[in-house]
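Reader: I am new to this entry and would like to understand the words used for it, so please take me through them one at a time.

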Amino acid sequence: MSSISHDELQHIRVRLGQARGPQYWRSLEELAESESFGEFLNQEFPRLGAVWEAPMDRRGALKLMAASMALAGLTACGRQPREFIVPYVNMPEGEVPGMPRYYATSHLIGGYAHGLLAQAHQGRPVKLEGNPDHPATLGACDAFSQASVLSLYDPDRSASVMNRGEVAGYGSFLMTQQDKRLEWNRTQGQGLCFLTGSLTSPSQHASLQALLERWPKARWYVHEPIDRQAVYAGSEQLFGRPLEPVYRFDRARIVLSLDSDFMQSQPGFLRYAHDFMAQRRPRDNDGFLARLYVVESTPSITGSVADHRYRLSFHHMENFARQLANAFELDIEPPDEPAVPESWLSPLVDDLKSNAGSAVVVPGDQHSTAVHAIAQAINEKLGAFGKTVTYIPPVDVSHAARPLNELTREMQNGRVEALVVMGANPVYTAPADLNFRQAYRQVPWRLHWGEYYDETGQMSHWHIPACHPLETWADARAYDGTVSLLQPLIQPLHGGKSALQFLAALEQGTEEDARQLLIDYWLDQHAAGDFETFWRRSLRDGIVADSAFSTQTPALREDWAPALSFASGERLPDDAITLQLQPDPAVWDGAYANNGWLQELPRPLSKLTWNNALLISPVLAQEYGLKEGDVVRVKAQTSEVQVEVPVYPLPGMPDRAVTLQLGYGREGIGHIADGVGSDAYVFHTTDHPWASPVTLEKLDRHETLATTQNHHAIHGRDLIRATTLEEYRKHPEFAKHPGPHESLYPEPWPAEREAEYAWGMAVDLTACIGCNACVTACQAENNIPIVGPEEVSRGREMHWIRIDRYFEGPPESPHLIFQPVLCMHCENAPCEYVCPVGATQHSASGLNEMIYNRCIGTRYCSQNCPYKVRRFNWFDYTGEQATYTQPEPVHNPEVTVRSRGVMEKCTFCVQRINRARITADIEDEPIPDGALQTACQQACPTQAIVFGDISDEQSHVKRLKNHPLNYGMLEHLNIRPRVSYLAGVGNPNKEVEAPQSDPLVAPEKEKADIHQASVNGRDDDEQVVRIFEPATAANGQGGTT
Amino acid sequence: MPQIFPRRANSLVSMALWGGAFGVVILILVAVTIGSSAHDTGVYATPEQPVPFSHEHHVSGLGLDCQYCHTGVEKSDFAGLPPTYTCMTCHSQLWTNAEMLEPVRQSLKRDEPIKWVRVHDLPDFTYFSHRIHVNNGVGCESCHGRVDEMPITTQQKPLTMQWCLSCHRNPEPNLRPADKITAMGYDPAKDSIPGHELLERYAIRKDNLTECSTCHR
């Protein structure tokens, strides 16, 4: 789909200027009402025509239909194939075949543990859920952790020991290692180097230390692509020792983020999202709603939640920090020019100061030491220490190791005899200026341990496959220092070795038992007391009790400020465009690149899948005449590097900034990762790790981007409702628009049916941060296939829950709001009336059921669904012939795997409902409220999704349904959706003025009441409705920027 | 203008029309007959098993309860087949050299499970739960027939959707008291407790018994 032209931008400007009340839009095309958007909108499944390449006449079509009917009829005859039952030889104790078991384990993101509960069916891990006892997750689960179960069965994972590119045995490696050991014993490890990623595991750290003591001349280096060295360097500058800040958003009222995406990419992000969004709920009493200010360079989900978002190019963030420091009377040299206008800054500073003790400033991990030092010094000024920010010793022990550039220098100088790379992939991720690949080739003996036979593995003499986290015995620390255990649910599928086994092999040259190695370490730690009880308890809980680091109260050094050095002194050429690099919200640093669920996950802001397009501001796109998908050549100004990449105009980007996400452009990794996107690491350098000046050059090429942003669009209806706290308190029922009253029959709510339960759901738009955890959870729970980029670009993605992302306001700096949309389970479901074969039915408890074996694929239901939540299997996406076939073991045995020609959609996790009902029936107890959770609800870190029985007046969901903010999407159609939304409520500061630096911003528009806006936005049938019931005075201002 | 069609064309046309209509009826009858025939439903099918296990001998001969081997039936959706160890509790002492038990001994020796052929095979889109049935008064016999009279396990009931629904629509005649679930040769119709009373005793709500998502999902 193409992007917008200059005329259309003008058109947007005029329209927005005239608009009264909030106008929500999903893409620039929609806003411009461009022709291609109209085309896209008017087709049920866009680009369907494109697949009919051959001309087809009626006679041919009839012939094919007759033939396929005959063939289908023939295959229907006869019995289904013979099946077998394979019982155990010796059944494990406590196993009940047919019922899942749960084990506590963890997944590591950037080295930090996220506690999980893994569901296993007869020893086969199928689904990962959050561990409610774990401090970092509290029962929620992020997309990376959820999807890691698919990686377990990834056929491209390293399957054998490799020696110089040939398959070898582990025994032969151990023999070589025996010789190496003797050699290192003799030389005390002269020339031996270890390179690890970030390391939070106490046992692995101890083993590594033992190696370093045994061979004192050996050295330990660290390379983590998404490194957090600035966090430690900043605290070292400030306090004289490296410390790890842990934020307490549960105590915060005013939060300022300096380009920190603390809800998606910082250690502890799930917990942070949970804590912060809990502070955004007290809208119904006189409580204070936490307020969030974000100054950021690339739109992030944290920025989209913000009450005030200021877009600032990455380079200017340090200037902003200095400007802020001056406002707090810190002795910092002021920047040459202010980064943020005073009209925006001073209300912010006042707000922070007047909430001292419950305010906090959060610096972004990728920013400089100075930004971190200043931010924490302001926190000290705000009295935040010990309240909204606490300090613990560094969780990542690798901060003590030497940096990669020193290692590269040693390698180039020939002083490295043997290099052991452990769980890192520096050939792909190292800063480009180090030329690590060249240096690595010079090392005489190279050993690599990793899950994939990746770029580094392929260049190593020896490659040892690592265990997947679900196959391994290990430990790791969470963001607050809590030790989390990893226990295997399955024997290593490809003979992988655990980290401790690998380290033991280095030390002793023998193969040790993975479990015993871990137990040995913890035996030492718990010499006193009952170890057996301690160990069983810890394994059961997934955490070692009371192992969180105790907080420290550091004092500021006297001379911290003068010693700061600023990178922002560097002057950029005026025409320079800043290229920012970021970890990708789906593939992170590239570690998840071969995971189909994550590749197909629409990225939260851009809704792109299977690619990392260059995010570019609409202003810059207009300047260069670029439309979505146009290819540009990005040239670094400081080096010779250039990359050709398609662009994606993203509203909210700073005007002269572009962003490229890391982790793409892989080769030789696996069938999913290879050839997807462009490698952004070439711009990643030691001096400019996260942002550098570039120039753009438009090329005469176009690529189709697989973005879902306009898919399933519902045009011109007021689907999204939001307001400010102030308006909400004045008019609590602002979201209640007049509903349908034209029915001749009384229709009680919920519909009176003879059923025990009436299932329903409420989604709180205030709490939804658009993080995609629910989408992955649904994909894992309900066997949703991967369709691939071509199919996604035709609008055929299969996700049962989608997160619609809406912009509001001017295209340069819009406000964002997310809305998860799933099957609404309408009581008067339009899809049910039109199915010719009765394949979709209504259950007494309110489920809109989909019966796959009846479905003949007419797609009438989808055509008649006003929410566009039904998905059709155009091809066999699950069978062996499928392009992106999913390994069979990952399928949830409780859910049918759908085949070609079948419609599917959200079932409210009917398999979970049935299980709970059966258990409740047998135990003669009703299902307690909250015990039955849908997969999306369970994964949600902010508890935005609540599911339950709406006939029970006491249930959580019913209380939300009775809430004044509750509204139904398209409820005027009288389809009576069982899923409803709670309108969003923000808490903007009245004193802050919208940033006016935008060249294209429409004149400050007069904001009218929402009722007026809804009159403009509605179509005729709603007008009719209002004749019967005049609207009550419902006022509210939407949009909070 | 000469006549194009001869006189007999009239009768040909009427024959064709009647024949066509009749043919459609025949076709439907044939399809229904085949669909409900033993060939299609698999009723009385007796697949060959790796070990010719006799329920007749173990149940009526020795008096073993169903749950001695099918341990999951009350607590799981799947009744479960016994692990080799369960077989060997007795057969390490009895018939230790019998040739027909060789696969069982091999299974234990090689730590390889026995691959039994599924006799009662529902389609993959049908989710049957044993535990909800046996805890609500449906006996083993109702679906599996007189297992105690089977030297080799056969499928006794058609297991078609129509057959399932006949009971889901009207469960009363098939309910048994809790102590008669595994009993063989028991006739619920002759029982002293009437079906509707059992329905109340088990607190069975009939509202969702015939809903699609009860069995399909």
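Predicted model: local features only at pLDDT ≥ 70, side-chain atom pairs only at ≥ 80, totals over all residues.

Reader: What makes helix H5 of chain A count as mostly covered?

Author: Helix H5, residues 143–152 of chain A, has 10 of its 10 residues buried. A residue is called buried if 20 or more other C-beta atoms, placed from the backbone, lie within 10 Å of its own, exposed if 12 or fewer do, and partly exposed in between.

Reader: How many helices and strands does chain A have?

Author: Chain A has 32 helices and 41 strands, where a helix is a DSSP run of H or I with at least four residues and a strand a run of E with at least two, numbered from the N terminus. Of the 1041 residues in chain A, 55% are buried.

Reader: How do you know which faces of strand S14 of chain A are covered?

Author: Strand S14, residues 359–363 of chain A, has 5 of its 5 residues buried. Ala359(A), Val361(A) and Pro363(A) are on one side, Val360(A) and Val362(A) are on the other, and because all of them are buried, both faces count as covered. In a regular strand the side chains alternate between the two faces of the sheet. Strand S11 (residues 254–258) of chain A runs parallel to S14(A) and is joined to it by 5 bridges, which means that the two strands pair, as pairing asks for at least two bridges found by DSSP.

Reader: Why are strands S1 and S33 of chain A called edges?

Author: The open sheet has 3 strands in the order S1-S32-S33 (chain A), with antiparallel pairing. Strand S1 (24–25) and strand S33 (815–821) each have a single partner strand, so one side of each is left without a neighbour in the sheet. S32(A), residues 802–808, is joined to S33(A) by 7 bridges, and within this pair Arg805(A) stands opposite Phe818(A).

Reader: Is His825(A) buried or exposed?

Author: His825(A) has 25 C-beta neighbours inside 10 Å, and it therefore counts as buried. His825(A) is found in the loop between S33 and helix H26 (830–834) of chain A, and its phi is positive, about 50 degrees, although it is not a glycine.

Reader: And is Asp546(A) buried or exposed?

Author: Asp546(A) has 8 other C-beta atoms within 10 Å, so it is exposed. Asp546(A) lies in the loop between helix H20 (531–541) and strand S22 (577–582) of chain A, and it too is not a glycine but has a positive phi, of about 55 degrees.

Reader: How many residues of chain A are in contact with chain B?

Author: There are 38 residues of chain A in contact with 40 residues of chain B, contact being taken as C-beta atoms, placed from the backbone, within 7 Å. Strand S2 (84–85) and helix H28 (910–923) of chain A are the elements that give two or more residues to the side of chain A touching chain B, and H28(A) gives the most, with 6 residues. S2(A) also pairs with strand S1 (residues 116–117) of chain B in the antiparallel sense over 2 bridges, and there Ile85(A) stands opposite Trp116(B).

Note on methods:
Residues numbered from 1 in each chain as written. Chains lettered and ligands numbered in written order. Contact = placed C-beta atoms within 7 Å.
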